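Here is a short briefing on one chain. Read it alongside the sequence and the 3D view.

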Amino acid sequence: MPQVPSHGVEASILVDGKPLEEYKVEIDGNKAKCYVESTSGKQFQIIYQPITAALTGDYDLRVKFVLDGTGMDSVIGSKHKRDVSKGRRVTQSSRQPYLFSNLSLSDEDNACSSEKVIKHLGCIQIKLYRVIKKRYIPYPSTRHQAERENNVFNENSKKARLSHQTCLGKTVPTKSVQRCVEYDAVDKRHWFEFQFFYRSRVLLELEGIIPPTVAHAVEELQEVAPIHQVKGTDFMDVDVKREVKREKKKRPLGKVQGEPIDLDDDEPPVKRVKKEKTIIVID
């Protein structure tokens, strides 16, 4: 995401250690949004990066990560360094990594019915809150949670046209240990928000957000003017002189020779009849 000088912050989604390319970037007031390409099966990380020179004031930032309308994790970091969220914390030293996956659809009663989740399906949100850190407190036992199951959506939902969703992988140990911090909030609502709308490459092309690739462009042309490989007859231009020579070579030798074929004449060829000589004897 481009830098937001008015608030001194930026954010991005990382896949394989590299930030995803961002399309159709818009910044309006305290909100920035863009589109990114998602690939099913890929793990991703969320990066928040402060612009140190632009951040002033006696406060720190609380960063909340929301995937498809569901809060995953939140951290209180320094306004002088970036924060990385690699997954949802399960315990003080373990997490479930973030993943892109194919959309899970069902016509059963177990489909997600939360309006908030359905409304924000296909969106990764990063919400920033200004806070004042007070002190460290013991890590609460209630923070330890079981693995969260991934959502399943009704196949008749309008959002069913989306091909991907976010999900959580199996719990893995972490190198860092999380601590609990007590704070006072400066703002009643979030101070700034990033929105990343993720879509498959095909959907990004269909919605006109990115230009089609060469392969997809060829497929579209074939759909418009398909090539049918079937037998048939049609017409073609030929060199008359070459065609005449080829026909002469094909004909068998005989006493009676036909005229050369005129390819532009619909009349049948006229045969030339050999004339016999007449001998007159004078007494």
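Lysine 24 counts as exposed, at 51% relative accessibility. Exposed means over 50% relative accessible area, buried under 20%, and partly exposed in between, with a 1.4 Å probe and protein chains only. Lysine 24 lies in strand β3 (residues 23-28). Its phi is positive, about 50 degrees, although lysine 24 is not a glycine.

This is a predicted model, in which local features need pLDDT of at least 70, side-chain atom pairs count only at pLDDT 80 or more, and totals for chains, interfaces and linings use all residues. Residues are numbered from 1 along each chain as its sequence is written, and side-chain values use heavy atoms, with hydrogens and water left out.

**Another positive phi**

- Aspartate 68 is a residue other than glycine with a positive phi, near 50 degrees.
- Aspartate 68 sits in the loop between β6 (60-67) and β7.
- Aspartate 68 counts as buried, at 3% relative accessibility, whereas lysine 24 counts as exposed.

**Overall make-up**

- The chain holds four helices and 17 strands. These are DSSP runs numbered from the N terminus: helices are H or I with at least four residues, strands are E with at least two.
- Of the 283 residues in the chain, 35% are buried.
- The accessible surface of the chain is about 19600 Å², and 51% of it belongs to carbon and sulfur atoms. Areas come from the Shrake-Rupley method with a 1.4 Å probe; for residues, only the protein chains shown count as cover.
- Take the contacts in the chain between residues at least 6 apart in sequence: 77% join residues at least 24 apart. A contact means heavy atoms within 4.5 Å.

**Confidence**

- The mean pLDDT of the chain is 75, and 61% of the residues score at least 70. pLDDT is the predictor's confidence in each residue, from 0 to 100.

- Tyrosine 136 belongs to strand β12 (residues 123-137). It is partly exposed, with a relative accessible area of 48%.
- Not counting residues up to four places away in sequence, tyrosine 136 touches Arg179, Cys180 and Val181.
- Tyrosine 136 and arginine 179 are 43 residues apart along the chain, with 7.3 Å between their C-alpha atoms.
- Glutamate 182 is in strand β16 and counts as partly exposed, at 26% relative accessibility.
- Leaving aside neighbours within four places in sequence, glutamate 182 contacts Ile132, Lys133, Lys134, Arg135 and Ile137.
- C-alpha to C-alpha, glutamate 182 is 6.1 Å from tyrosine 136, across 46 residues of sequence.
- Aspartate 184 is also found in strand β16 (residues 180-185). It counts as partly exposed, at 39% relative accessibility.
- Aspartate 184 touches Val131, Ile132 and Lys134, with residues up to four places away in sequence not counted.
- The C-alpha atoms of aspartate 184 and valine 131 are separated by 5.5 Å, though the two are 53 residues apart along the chain.

**A buried tyrosine**

- Tyrosine 98 lies in strand β10 (residues 94-102). It is buried, with a relative accessible area of 0%.
- Tyrosine 98 and glycine 87 are eleven residues apart in sequence, and their C-alpha atoms are 5.0 Å apart.

**Largest pocket**

- The largest pocket has a volume of about 1100 Å³. Of its 36 lining residues, Asp73, Ser74, Val75, Arg89 and Gln178 are the closest to its centre.
- A pocket is an open set of points on a 1 Å grid over the protein atoms alone, where a 1.4 Å probe fits, with protein on both sides within 12 Å along at least five of seven lines; lining residues have an atom within 4 Å of a point. Points are joined across faces, edges and corners, and the volume is the space filled by probe spheres set on them.
- Strand β7 (residues 70-77) gives the most to this lining, with five residues.
- The lining divides into 15 nonpolar, ten polar and eleven charged residues. Nonpolar covers Ala, Val, Leu, Ile, Met, Phe, Trp, Tyr, Cys and Pro; charged covers Asp, Glu, Lys and Arg; the others, Gly among them, are polar.
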